[in-house]
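This report describes how two chains of a model meet. The structure is shown below.

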There are 4 protein chains.
Amino acid sequence: MLIVMKNTATKRQIDEVVAAIEKSSLTAERLPGAQRTAIGVIGNKEFVDQDRMLNFPGVKEIIHVTKKYKLASREYKQENTLVRIDKNVVFGDKKPVIIAGPCAIESKEQFAKIAKRVKDLGADMLRGGAYKPRTSPYSFQGIGLEGLKIMREISDKLKIPCISEITSIADLDLFKKYVDMIQIGSRNMQNYDLIQKVADLKKPILLKRGMSATMEEFLLAAEYILKHGNPNVVLCERGIRTFETSSRNILDLNTLVLIKLESHLPIIADPSHSAGRFDLVIPLAKAGLAAGADGLIVEVHNNPKEALSDGEQSLNFKTFESLIKQL
Amino acid sequence: MLIVMKNTATKRQIDEVVAAIEKSSLTAERLPGAQRTAIGVIGNKEFVDQDRMLNFPGVKEIIHVTKKYKLASREYKQENTLVRIDKNVVFGDKKPVIIAGPCAIESKEQFAKIAKRVKDLGADMLRGGAYKPRTSPYSFQGIGLEGLKIMREISDKLKIPCISEITSIADLDLFKKYVDMIQIGSRNMQNYDLIQKVADLKKPILLKRGMSATMEEFLLAAEYILKHGNPNVVLCERGIRTFETSSRNILDLNTLVLIKLESHLPIIADPSHSAGRFDLVIPLAKAGLAAGADGLIVEVHNNPKEALSDGEQSLNFKTFESLIKQL
Amino acid sequence: MLIVMKNTATKRQIDEVVAAIEKSSLTAERLPGAQRTAIGVIGNKEFVDQDRMLNFPGVKEIIHVTKKYKLASREYKQENTLVRIDKNVVFGDKKPVIIAGPCAIESKEQFAKIAKRVKDLGADMLRGGAYKPRTSPYSFQGIGLEGLKIMREISDKLKIPCISEITSIADLDLFKKYVDMIQIGSRNMQNYDLIQKVADLKKPILLKRGMSATMEEFLLAAEYILKHGNPNVVLCERGIRTFETSSRNILDLNTLVLIKLESHLPIIADPSHSAGRFDLVIPLAKAGLAAGADGLIVEVHNNPKEALSDGEQSLNFKTFESLIKQL
Amino acid sequence: MLIVMKNTATKRQIDEVVAAIEKSSLTAERLPGAQRTAIGVIGNKEFVDQDRMLNFPGVKEIIHVTKKYKLASREYKQENTLVRIDKNVVFGDKKPVIIAGPCAIESKEQFAKIAKRVKDLGADMLRGGAYKPRTSPYSFQGIGLEGLKIMREISDKLKIPCISEITSIADLDLFKKYVDMIQIGSRNMQNYDLIQKVADLKKPILLKRGMSATMEEFLLAAEYILKHGNPNVVLCERGIRTFETSSRNILDLNTLVLIKLESHLPIIADPSHSAGRFDLVIPLAKAGLAAGADGLIVEVHNNPKEALSDGEQSLNFKTFESLIKQL
């Protein structure tokens, strides 16, 4: 941490800041410059949360050097983390993992049909929503427990692992029982209560980036999971909210690439939620893998025109097949 | 809803879209233009979630006319909603409500001291965090239940109502018992599980805007509460995330003013979290009231230099007194 | 400047960075920390543009401490700058300056009518566009030179100074001759060619913030003018572009307040362009002054329903009168 | 255009709006809905700029259907536009065009060295800045005319076309004489004076997206050029400004893909300015091409550690070679 003093700061003001730092068992180093003095706080092993130092007279600005995350950083662990779902599916390894399925599980018939087809076309895992966090209380909210049961049954039958999104700590036991990997959705990325309790289940977690979360906030959400003793975290970039509204959320491949450098955790891309419309999904999926994503999660529906949720951004079997061929 | 067809759309494609709409018991009106045809969907009483129509050949774009929120709109209820906390404190009435107190309750002594002073200076309600949702797992997370008990005791003693933030449905009973108004924080604005279960307590709720929530998403979160039969919702604008990082979050008074036009719910401003540094708090507080806010929520600490949380953005007694005088 | 080394950086890598800094006649101070070494660059009198240091092996990050602007900073000049237009109109002094007039000058009759009325109601200066930079080539682009002549004539007649926006260096002589203050619009805030040549005219300049300019970029645009020997710069906050599109651009009062702290230059607010619709203008204008703005620039039209440009955000005489009364 | 009336709008108010539309020689179609009336404006052949209709009593909102751009749209011209620079280099055709070179031309020796090498490695065109628009007046601003002359000489010698950025209409003749393609930079994307005068030179133009320009504003800037009779426009996506500051500007591939659908103009990607640091450039370059970009513009320097400008984001010969091999 660097405390930048105003150019008008007196020696006494500088001394007071130094004294306050040293009172916290940290070391303060004066850096007298041509224009002003800065004070380096250098003994810390972790991030120092001392923004209140801004209240000291003469202080102009606080600049943080150490990142707040630690266990999630590549400095802490150099080699890539591999997150293994079963003997065939491993995130972070050479082969990208393709997760596919409908936005929402509508019925057993529908899910079985889609699951069979995406598996045959090459998907490694099934996705399907049972509990949907919807912006509007009037939108379809998923079929709940029934959906989880359908997912488990089909998944076992086809011998392919599955993932679904949890939205409430009231459902922890169900998710422990019915799914192979638990998704924490964008809207819940900073629902620390949920994150920590899901972490405790020790199942693999797919943590989606909040649509306006910074890289640091995203890695800190992962840090909550790692700190709870669960190393099986896969990150997911799904587009960020910007001023540009001509498509839904801009797929942030800059941050995906940066996370590969900064962190040892695997990270996949979600082109469907980023695009918001099916005709952008394939190019964005290809771009994600070209940038180095460890996998993709893609919405596929047997009949997007009649999907109960997110039909506008779902691939159909034909376009999904085309995607798989192009990868 | 308006479905805009491509200029190359054929009559058959237009007919298919019209047929699909009419199948959903809605009325479709063809609007042949100079360049292309648009199809108006006009029988709907509520928002129509038909973005999947984008999958029909020839469709270029979907434009929504009806807003997704309904109970929260001024079209639904013209007169201002008043949210009454006790016989003295009413949100939405002529007099702005001033809520003040520390970011976190640190001890009984500290809270008693601050509570006494802000009340004497003119605060209408006390605030204080017991459960803190922190971006970093290494930051101070609040003293929990003990904090709620301290708050209740001091609040009763000083005869002034209190508010605190809930972060988990595991704590519903405690909040029901100990506080007069429950805050749903920015990070949980789209935690619909929490929102709905808090709504069911029928206590007044302060709903803070997510730091990247659009006006529509914000009003839809309120809609969830209203739909659960709890009309006692006060909104809170607390700054939005933008490209500008020289202060913390930009206080969005445009949307505050617009919400006063669009909705009947009261809305207050939080200059402390927006500013992120104490020397911006007073001007932003004044601006908020000048724009028409129904109140303010402000962080005040007896010794910001040593606060365990958010010291950099807390007013001290002297500056809080100055704020009150200027209002 | 602080150069943060990776925790894996070797002594040799650190030495190389230090050597490179010292080669540039700067002083390097090693700051060995518990986790990694940082290197402080401390002899500089100005901003050091050495981001290329990122190419040295072992370097993790570059952190800037010194701001890039200098002449615009309050550290350079402590007292407020006053920008005097004539004996009555001074920006930065106690009394806020109210600038009013139509978006575009449409005819002599129209401008005379509006000018007379806003002056009578209390405006200090007239505004009116002659050359309009429009996003679309099909929008009304202003009546050009004729507009400037009308403005000068009416301005002289009513004895009230005037301001108009310049969009091309081809028009420098005209603006020198016809207007009292020259506006550099948001779209041209980073048109450094135009800025510098206008600065050379030595006339007072109203510099509008680019709709996505950071505070630092905004002050650096002012720095270009100051560096050209023209101290008569008034800044204008006019709303920034964010994810929120329910109103046009969010009036960024955080940055307005921060600029009052960081810089000695006067700054006014433009509620009309921020709001984008007339019914938000008055509350935002009041908020701007409450936050400490040194003035306002407001669009007023005699008949907004028939305005050739920006009618949706113009006040009419009645609402302008109401605004003046409320201030 | 759709004019949405309030649900309280009277028949008289609706009639007034209809009358006003018809006065403008447009056709108004009443769309009475379950909740409110909307009025469709349907006779227009172009975008209708009638936002001032918001001033009519009873009007709630204006919704635009027709896009403001026309000549740039694929509806206007279905087949891809090819922009030919010379017999070998064509933008928009199957083979992506690779433009490479230093951020700034520093000397003949430096430019010759880089040009020779990037050509040998496979670059199709040379880039190099002679006039640099810099955010800070204290940054290196380029060597000007001398730079253009060096570029021309080396370009002729190596028989490879060249591009450089123009920043002032004072330099039109020089750019006409010395370069093969003229770049309009991000900061000048809305400098309509410059755009139009450059368009008149009839040379091929590379138009970079403003860092906060929407797709519509970007295409409208191109529309200005097309409307001036110059069809040789290549667009360039170079990253947008968002809340995320961990890298410089987020490469917006969503909009790049959408522009390929919406417009017939070629569009390339600039991974260097987006990344802001060299270690992100290669993955972003690959992602850009995977998404369908018609080419790349990349900064390459013989010695990035000593570059006078943008060294932190330049590839060196070795990394550029690696990029070319991976494509």
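## Charged and polar pairs

A salt bridge is a side-chain nitrogen of Lys or Arg within 4 Å of a carboxyl oxygen of Asp or Glu. In this predicted model, C:Arg209 makes a salt bridge with B:Glu244, with 2.8 Å between the closest N and O atoms. Chain B and chain C have 2 salt bridges between them.

Residue pairs in polar contact between the two chains, both residues at pLDDT 80 or more, number 12. A polar contact is a pair of N or O atoms within 3.5 Å; within protein, one must be able to donate a hydrogen and the other to accept it, and residues adjacent in sequence count only if both atoms are side-chain atoms.

## Contact and buried area

With contact taken as heavy atoms within 4.5 Å, 34 residues of chain B touch 34 residues of chain C. Together the chains bury about 2500 Å², 68% of it on carbon and sulfur atoms. This area is the accessible area (1.4 Å probe) that two parts lose on being put together, summed over both. On the chain B side, B:Phe243, B:Asn254 and B:Leu258 lose the most area to chain C, together 26% of what that side buries.

## Symmetry

Chain B superposes on chain C by a rotation of 180° with 0.0 Å of shift along the axis (RMSD 0.0 Å), fitted by least squares on the C-alpha atoms of residues with pLDDT of at least 70 in both. That is the relation of a two-fold axis. In chain B, the C-alpha of B:Ala287 is nearest the axis, 2.0 Å from it.

## Conventions

Residues are numbered from 1 along each chain as its sequence is written, and chains are lettered from A and ligands numbered from 1 in the order in which they are written. Local features need pLDDT of at least 70, side-chain atom pairs count only at pLDDT 80 or more, and totals for chains, interfaces and linings use all residues, while side-chain values use heavy atoms, with hydrogens and water left out.
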